Amino acid sequence: MAKTVTETTTKAATKRVNSKSAKAEKADKPKRQPTAYNLFVQAQMKEWKAKNPNAPIKEAMVEIGQLWRDAPENVNRGKEPKSRKPKAAAAIPRKTAGESEESSDA
């Protein structure tokens with residue numbers, strides 16, 4: 001049986017077809033409103049860049065992050081940061097390349 005022109009045979013071709021329809025759907029979606037943190041960073045970044053034109057952005061984010069902790073716009077101001085949950089993969093002990101099942105049982 002002969003294949004039709006519209007039939008895709010490879011994974012790459014299928015992804016191409018599917019991605020085109022997904023992009024069209026995303027274009028119609030309205031943008032999410034910026035958070036208080038986003039607005040704060042935008043405002044502070046302009047001032048910081050004017051004062052420090054040649055400094056790396058990483059330094060700016062560190063300083064702006066410290067300002068955000070005590071900012072009145074911050075809803076979580078004064079609260080302790082939440083503790084992070086341990087990663088599930090780190091809880092599982094892994095065997096090294098030289099270790100065999102027999103030596104771990106003994």
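## An aromatic cluster

Tyr37, Phe40 and Trp68 are linked into a cluster by ring pairs, in what is a predicted model. A search of the whole structure finds 2 aromatic pairs. Tyrosine 37 and tryptophan 68 form an edge-to-face pair, with 5.4 Å from centre to centre and 75° between the planes. This pair links distant parts of the chain, since tyrosine 37 belongs to helix H2 and tryptophan 68 to helix H3, 31 residues apart.

Phenylalanine 40 and tryptophan 68 form a tilted pair, with 5.1 Å from centre to centre and 55° between the planes. Here too distant parts of the chain are linked, with phenylalanine 40 in helix H2 and tryptophan 68 in helix H3, 28 residues apart. The angle of 55° counts as tilted because only planes over 60 degrees apart are classed as edge-to-face and those under 30 as stacked. As for accessibility, phenylalanine 40 and tryptophan 68 are both buried, the latter with a relative accessible area of 14%, whereas tyrosine 37 is partly exposed, at 31%.

## Helix H3 and its buried face

Helix H3 covers residues 57-69, and its 13 residues should span 18 Å at 1.5 Å a residue, which agrees with the 19 Å between its end C-alpha atoms. Its buried residues are Ala60, Ile64 and Trp68. Seen down the axis of H3, these buried residues fall within an arc of 70°, so they line one face of the helix.

Asparagine 74 is found in the loop between H3 and helix H4, residues 88-91, and is buried, with a relative accessible area of 10%. Not counting residues up to four places away in sequence, asparagine 74 touches Trp68 and Arg69. A polar atom of the asparagine 74 side chain lies 3.0 Å from the backbone oxygen of tryptophan 68.

## The chain as a whole

The chain has 5 helices and 0 strands, and its elements run α-α-α-α-α from the N terminus on. Of its 106 residues, 10% are buried, and the accessible surface comes to about 10500 Å², of which 55% belongs to carbon and sulfur atoms. Among contacts between residues at least 6 apart in sequence, 28% join residues at least 24 apart.

How values were computed. Residues numbered from 1 in each chain as written. Predicted model: local features only at pLDDT ≥ 70, side-chain atom pairs only at ≥ 80, totals over all residues. Heavy atoms only, no water. Helix = DSSP H or I, 4+ residues; strand = E, 2+ residues; numbered from the N terminus. Buried < 20%, exposed > 50% of the residue type's maximum accessible area, 1.4 Å probe, protein only. Contact = heavy atoms within 4.5 Å. Areas by Shrake-Rupley, 256 points an atom, 1.4 Å probe, with all protein chains shown as cover. Expected span 1.5 Å × (residues − 1). Arc of directions from axis to C-beta. Polar contact = N/O pair within 3.5 Å; in protein donor to acceptor, adjacent residues only side chain to side chain. Phe/Tyr/Trp six-rings, centres within 6.5 Å; stacked < 30°, edge-to-face > 60°.
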